Amino acid sequence: MNITEKILADAAGVAEVTPGEIVEARVDLAMTHDGTSPPTIRTFREIASRGGPDRVWDPERIVMVFDHNVPPNTIGAAEFQRVTSEFASEQGINNIFKNAEGICHQVLPEKGFVRPGMVIVGADSHTCTYGAFGAFATGMGATDMAMVFATGKTWFMVPEAMRIEVTGKLQGFTTAKDVILKIIGEIGVDGATYRAVEFTGSTVDEMDVAGRMTICNMAVEMGAKNGIMEPSRKIIQYVKSRTGRDFRVYRSDRDSQYVEEHHFDVSDLEPQVACPDDVDNVAPVYRVEGTHIDEAFLGSCTNGRYEDLKMAADVLGDRRVHDDVRFIVSPASREIYLRALEDGIIETFLRAGAIVCNPGCGPCLGAHMGVLAPGEVSIATTNRNFRGRMGDPSSKVYLANPAVVAESAIKGVISAPE
């Protein structure tokens, strides 16, 4: 079996599973955020009103994070957060992070909730990020999450697996973001629908924690059920530094079966850009250089980590943001913000004329702190560029790595650092 099948088999209490089989699996961790908690809570109460449990199965295995509208930007957002806080207090859910602690997909690994071999479900599509740690992690809707709250279990159809091998040493300002954009550009936004995408190869093996998270984060952008990597030495060290709890490392058997296998040599890969309005509309940066921008955004659960901020600050140096561009920076967590502050990175952004916001998801989903006006163009380190994603339906979003975003903010047009 491959790594995904082994985790699901153990969670289902069976010796083995095969693609297409439906299993009921034990859930190790469930996550909701301020946007998805209230619908989950409402459905949970409906279940209770019909004779189901009125207490969650295990409050210590539920994590709630306020990140999508922090601080609340509307009365409705404030009400959502109030309802969630009251429910957490009622149910004894102590793992709730309210005041801009960070984006859920960064906070959970930082706080030691994510470990290899776990089954993790989240009411957010980018829950697949945790596959970087060798966990089976996937998103689900409020109804399914309410049943997890009630029972601690859920069902899965065991996904077919796709193996993607990445080899070669990344050069210059080419990053893990460019690797995953290249892969999505080749495979397509629906090329891995309901598949377990296993990333492997020497490039992945040597990649740091931040880069691995970036790649698994965007697995869902090609339709994957989950993205996953076998834990590397760096991952195991990271997890041990964050938690003292035991974990089990799963690895794919050598004779594992995959419905498709792809190989990417990234030795000569240039920075990539996903052009409007699809994530698989990918081209090398030189093909879109010179495109006017109104906004540059650095952040999100894809590229708001310390390594991303440092790369962007190194590109900025002592230069200033173009007068016609608003450059918005949002660290992925409070921990990252503090480290960047201590190292002078935040000062570099501020002196350059950037707008530094609290940790959160706001600009990425067009909620607040950087909504695009009609006809405006943004280049962002986020994971999606759908029509209207970051603002008005006539606005345009290009996706790129932190170095390209920073250089573009300085030039006022899409540019790559030399």
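Student: Why does Pro276 count as buried?

Tutor: This is a predicted model, so the value is computed from its atoms. Buried means under 20% relative accessible area. Pro276 has 19% relative accessibility, so Pro276 counts as buried.

Student: Where does Pro276 lie?

Tutor: Pro276 lies in the loop between β12 (272-274) and β13 (282-284).

Student: Which residues is Pro276 in contact with, leaving aside its neighbours within four places in sequence?

Tutor: Contact means heavy atoms within 4.5 Å. By that test the partners of Pro276 are Asn281, Asn385, Lys396, Val397 and Tyr398.

Student: What separates the C-alpha atoms of Pro276 and Ala11?

Tutor: A distance of 40 Å lies between those C-alpha atoms. Along the chain, Pro276 and Ala11 are 265 residues apart.

Student: What kind of peptide bond joins Pro276 and Asp277?

Tutor: The bond is cis, and its omega is about -5 degrees. Asp277 is in the loop between β12 and β13.

Student: What is omega for the peptide bond from Val70 to Pro71?

Tutor: Omega is near -10 degrees there, and the bond is cis. Pro71 sits in the loop between β3 and α3 (75-91).

Student: What makes Tyr194 partly exposed?

Tutor: Tyr194 has 27% relative accessibility, so Tyr194 counts as partly exposed. Its place is in the loop between α6 (176-187) and β9 (195-200). Phi of Tyr194 is near 50 degrees, a positive value in a residue other than glycine.

Student: Why does Met369 count as partly exposed?

Tutor: Met369 has 23% relative accessibility, so Met369 falls in the partly exposed class. Met369 lies in the loop between β16 (355-356) and β17. Its phi is positive, about 65 degrees, although Met369 is not a glycine.

Student: How do you know that Glu101 is buried?

Tutor: The cut-off for buried is under 20%. Glu101 has a relative accessible area of 18%, so Glu101 is buried. This residue lies in the loop between β4 and α4 (104-110). Leaving aside neighbours within four places in sequence, Glu101 is in contact with Val107, Lys111, Ser333 and Arg334.

Student: What makes strand β14 largely enclosed by the rest of the structure?

Tutor: Count its residues. Strand β14 covers residues 295-299, and five of the five are buried, so β14 is largely enclosed.

Student: Which residues of β14 point one way, and which the other way?

Tutor: Glu295, Phe297 and Gly299 point one way, while Ala296 and Leu298 point the other way. All of them are buried.

Student: Why do side chains alternate?

Tutor: That is the pattern of a regular strand: side chains alternate between the two faces of the sheet.

Student: How do you know that β14 and β15 pair?

Tutor: Two strands pair if there are at least two bridges between them. Five bridges join β14 to strand β15 (residues 326-330), and the two run parallel. Phe297 stands opposite Ile328 in β15.

Student: How many bridges join β14 to β17?

Tutor: Three bridges join β14 to strand β17 (residues 377-380), which run parallel. In β17, Ile379 is the bridge partner of Ala296.

Student: What is the order of the open sheet of five strands?

Tutor: The order is β4-β3-β2-β5-β6, with parallel pairing.

Student: Why are β4 and β6 called edge strands?

Tutor: Strands β4 (96-97) and β6 (136-139) each pair on one side only. Two bridges link β4 to strand β3 (residues 62-65) in the parallel sense. Met64 has Ile96 in β4 as its bridge partner.

Student: How many helices and strands has the protein?

Tutor: The protein has 14 helices and 18 strands.

Student: How many of the 418 residues are buried, in percent?

Tutor: Buried residues make up 60% of the 418 residues.

How values were computed:
Residues numbered from 1 in each chain as written. Predicted model: local features only at pLDDT ≥ 70, side-chain atom pairs only at ≥ 80, totals over all residues. Heavy atoms only, no water. Helix = DSSP H or I, 4+ residues; strand = E, 2+ residues; numbered from the N terminus. Buried < 20%, exposed > 50% of the residue type's maximum accessible area, 1.4 Å probe, protein only.
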